[in-house]
Amino acid sequence: MIKAILIFNNHGKPRLSKFYEHYSEDTEQQIIRETFHLVSKRDENVCNFLEGGMLIGGSDYRLIYRHYATLYFVFCVDSSESELGILDLIQVFVETLDKCFENVCELDLIFHVDKVHNILAEMVMGGMVLETNMNEIITQVDSQNKMEKSEVLTG
Amino acid sequence: MTSHTHIPTQMIRAIRSARTQCEERGVIQRECAAIRAQFRQADNGGRSHNLAKLLYVHMLGYPAHFGQMECVRMIASPRYSEKRVGYLGAMMLLDEKQDASLLITNSIKNDLAHSNQYVQSLALCTLACMGSAEMCRDLAPEIDRLLRASNSYIKKKAALCAVHIVRKVHELGELFAPAARSLLSEKNHGVLHGAVVLIIELCERNPETLERFRKTVPDLVQIMKGLVLSGYSPEHDVAGISDPFLQVRILRLLRILGRNNEGASDAMNDLLAQVATNTDSTKTVGNAVLYETVLTVLDIKSESGLRVLAVNILGRFLLNNDRNIRYIAMTSLQKIVGTDHNAVQRHRGTIVDCLKDQDASVKRRALELSLALVSASNIRSMMKELLLFLSSCPPELRAHAASGIFNAAERYAPSQRWHIDTMLHVLITVNTDRATRPAALSHMGFSPSRLTSGCPSAQSLVQVACWCIGEYGDLLLRGDCQETEPVQVTEDDALDALETVLQSHMSSPATRGFALTATMKLSTRITDNVDRIRSIVSIYGSCIDVELQQRAVEYNALFKKYDHMRYAMKKSTCPLYLISPPPPQSVQLHMKAPSGDSLPARGTAKVTQMVVLNNPNKVGLTHTHTHTQKGEHYLNPTNHLPMSRCYHNRL
């Protein structure tokens with residue numbers, strides 16, 4: 001199970017935070033800070049797996065992360081998920097964002113957080129991996145956006 | 001007409017232009033006030049924008065609970081755009097403990113039956129994220145219906161929703177089992193994936209269900225064969241492998257079904273061998289599948305040939321340049337080190353090398369595995385490596401490494417002396433780590449001179465050494481050692497060491513206390529040098545340090561008046577110095593005037609108090625202190641003051 005998906009920039013500012021278990025607002029922010037602290041200490045050529053978070057607790061949990069330019073993508077998962085699989089999933093997520101936003105950059109995430117949530121909702125649901133086929137994801141996201149647009153136009 | 005973008009860029013721009021945290025807070029407060037006002041108004045067409053603004057604010061960490069009711073209202077709206085934001089808001093702001101979440105149950109129920117699949121999808125997603133047990137019970141039949149009769153898009157979402165329901169209400173697993181079974185014949189990969197996840201959940205919860213699903217092993221094997229052996233399928237291809245995510249998921253289910261079951265394991269043997277040999281390991285996706293295959297082979301009742309193949313694959317992983325691969329190889333080896341110990345031992349060299357890796361995560365894995373691989377036959381060489389690791393290991397691993405080393409040393413020590421030396425080595429290496437001291441204290445005696453000369457500045461170490469000399473002095477002096485070079489310690493040596501500590505200007509008052517007490521204890525354990533001890537102790541009867549002085553005075557008294565009791569106090573089981581009274585709880589300095597009156601010193605700090613003596617020649621100092629247990633007061637004259645105007649009393 002995926003416990004949380006976090007995207008934050010090199011300074012620790014959150015760009016997306018999705019928790020699949022309930023935490024209070026304060027705890028959520030603490031988790032984001034702690035995760036940033038752990039992840040930002042890492043060199044560039046070390047492995048993408050981290051242990052040792054206290055709040056997303058327990059020895060069963062790992063942080064799997066990828067660093068792209070100014071953004072960290074972090075998935076907090078338990079042992080029921082394949083670590084390499086999740087690493088690939090992060091890649092699929094980023095590529096999907098890239099297709100949906102056309103050369104995605106941090107600003108896109110800042111100004112269109114809800115769109116990012118909608119895309120993510122087509123990939124992960126309730127903490128479980130839902131769909132990994134990029135084309136399928138994009139098709140669905142496009143259909144939904146079309147529906148929204150047509151609604152707005154009809155008033 | 002309001003703009004089409006969902007999150008008004010204006011607000012975000014305003015927040016981002018704030019230069020300081022304070023300014024940002026101000027902007028957000030203003031925006032939230034505006035949003036609140038908007039919420040209170042009737043439907044004004046821009047509702048979804050306001051809620052979206054609020055969700056942005058929430059992500060930054062500011063309170064947004066006043067938007068909860070707005071979420072409920074939006075979810076009930078007929079407009080898709082408003083439902084969408086409403087459900088998103090509900091997932092972020094609501095949880096099952098809040099009353100507001102109950103209010104959306106009805107909306108979810110209606111939306112599950114909506115004609116538009118995207119509306120159904122919103123409801124399913126929200127239910128899977130935050131559905132309470134009651135909501136789950138209420139809506140389970142609906143989910144079951146959707147599992148059977150809907151399109152692929154909805155089926156795959158319903159499957160994961162069912163997983164959530166089963167997690168919340170275990171009994172409902174029975175309800176979904178038949179539908180899950182029939183989903184295995186679907187062609188759509190998304191649905192298959194969801195079905196496999198659901199079946200895994202059902203099998204893990206209920207052993208009877210597990211039994212029933214064992215019958216599906218042939219079907220699963222078929223599906224896997226299709227994925228592995230089929231030609232290039234552009235739809236599902238990821239770097240040459242057909243839907244690796246699905247393959248990994250099916251392999252995991254096969255693992256659960258084959259565990260402890262010969263029949264099921266046999267049925268999947270050939271397939272596993274095929275996957276293990278045919279999968280391309282040059283890309284990450286290939287490795288993900290291989291890795292999962294290896295774990296499955298090692299967890300089920302597989303043929304020995306297949307097991308060897310699996311461990312060899314892991315061995316190859318260990319040598320891979322990619323750190324990720326090395327990391328997970330070690331994770332997998334950790335899982336089998338209990339059952340396939342010899343196979344893992346073969347890779348001990350590589351694992352030990354990983355202790356020196358730059359990467360802290362790899363180091364951590366290597367440490368765990370190394371500790372698990374320590375045995376009687378390799379203890380000496382392993383300990384060398386582990387001690388080397390300890391001297392340069394990252395601080396967060398230090399305590400774990402030290403305790404692992406202690407345990408290993410205790411279990412496999414080839415001799416007492418080696419054991420003691422190892423512990424010494426550890427203590428010296430981690431001398432600032434208080435957690436490791438108790439472990440060492442439980443072991444017997446050790447070479448005093450090494451410690452007291454080795455690092456005089458490491459106070460806790462010296463304290464431990466002193467305590468041990470005092471406590472186990474008799475063992476030390478007896479010289480029971482089966483080592484290559486036995487070290488004979490005489491009574492003079494021991495007393496020399498203690499006196500060095502007492503006199504060293506680097507010893508803290510607490511350390512001196514330990515040394516003095518140890519000296520005292522030795523008086524009962526030695527025969528020849530009791531007089532020397534007595535003289536040492538009496539010197540400190542007029543020591544500047546109040547604590548030391550008090551102790552010395554009491555010990556002197558023991559010698560003089562209560563000699564017969566000295567021996568009775570020898571047997572100590574408590575690791576602290578038993579002969580001395582417990583350290584005083586508080587000390588109060590008083591200024592004693594020539595008239596005999598006394599004035600308490602100023603300052604409430606227990607450790608440091610200050611008194612100003614304007615005329616030190618005429619005025620004296622006394623102190624009182626209370627003990628934790630007895631609550632007695634001793635009024636002692638305090639002597640040998642430096643002729644200065646201030647005196648600090650240090651506890």
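Q: Where does Asn260(B) lie in chain B, and why is Asn260(B) called exposed or buried?
A: In this predicted model, Asn260(B) is found in the loop between helix H15 (244–258) and helix H16 (262–278) of chain B. Exposed means over 50% relative accessible area. The relative accessibility of Asn260(B) is 63%, and therefore Asn260(B) counts as exposed. Its phi is near 60°, a positive value in a residue other than glycine.

Q: What makes Ala69(A) count as exposed or buried?
A: The cut-off for exposed is over 50%. Ala69(A) has 69% relative accessibility, so Ala69(A) counts as exposed. Ala69(A) is in the loop between strand E4 (62–68) and strand E5 (71–77) of chain A. In this hairpin, which has two residues between the strands, Ala69(A) takes a positive phi near 50°, although Ala69(A) is not a glycine.

Q: Why is E5(A) called mostly covered?
A: A residue is buried under 20% relative accessible area, and seven of the seven residues of E5(A) are buried. Both faces are covered: Leu71(A), Phe73(A), Phe75(A) and Val77(A) are buried on one side, and Tyr72(A), Val74(A) and Cys76(A) on the other.

Q: What makes the contact of Glu81(A) with Arg249(B) a salt bridge?
A: The criterion requires a side-chain nitrogen of Lys or Arg within 4 Å of a carboxyl oxygen of Asp or Glu. For Glu81(A) and Arg249(B), the closest N and O atoms are 3.2 Å apart, so the pair qualifies as a salt bridge. The count between chain A and chain B is seven salt bridges.

Q: How is the size of an interface often given, and what area is buried between chain A and chain B?
A: Interface size is often given as the accessible area lost when the parts come together. Between chain A and chain B, about 5,800 Å² is buried, and carbon and sulfur atoms give 55% of it. In chain A, Leu84(A), Phe111(A) and Met125(A) lose the most area to chain B, together 12% of what that side buries. The contact takes 61 residues from chain A and 73 residues from chain B.

Key. Residues numbered from 1 in each chain as written. Chains lettered and ligands numbered in written order. Predicted model: local features only at pLDDT ≥ 70, side-chain atom pairs only at ≥ 80, totals over all residues. Heavy atoms only, no water. Contact = heavy atoms within 4.5 Å. Buried area = accessible area lost by both parts, 1.4 Å probe. Helix = DSSP H or I, 4+ residues; strand = E, 2+ residues; numbered from the N terminus. Buried < 20%, exposed > 50% of the residue type's maximum accessible area, 1.4 Å probe, protein only. Pairing = 2+ DSSP bridges.
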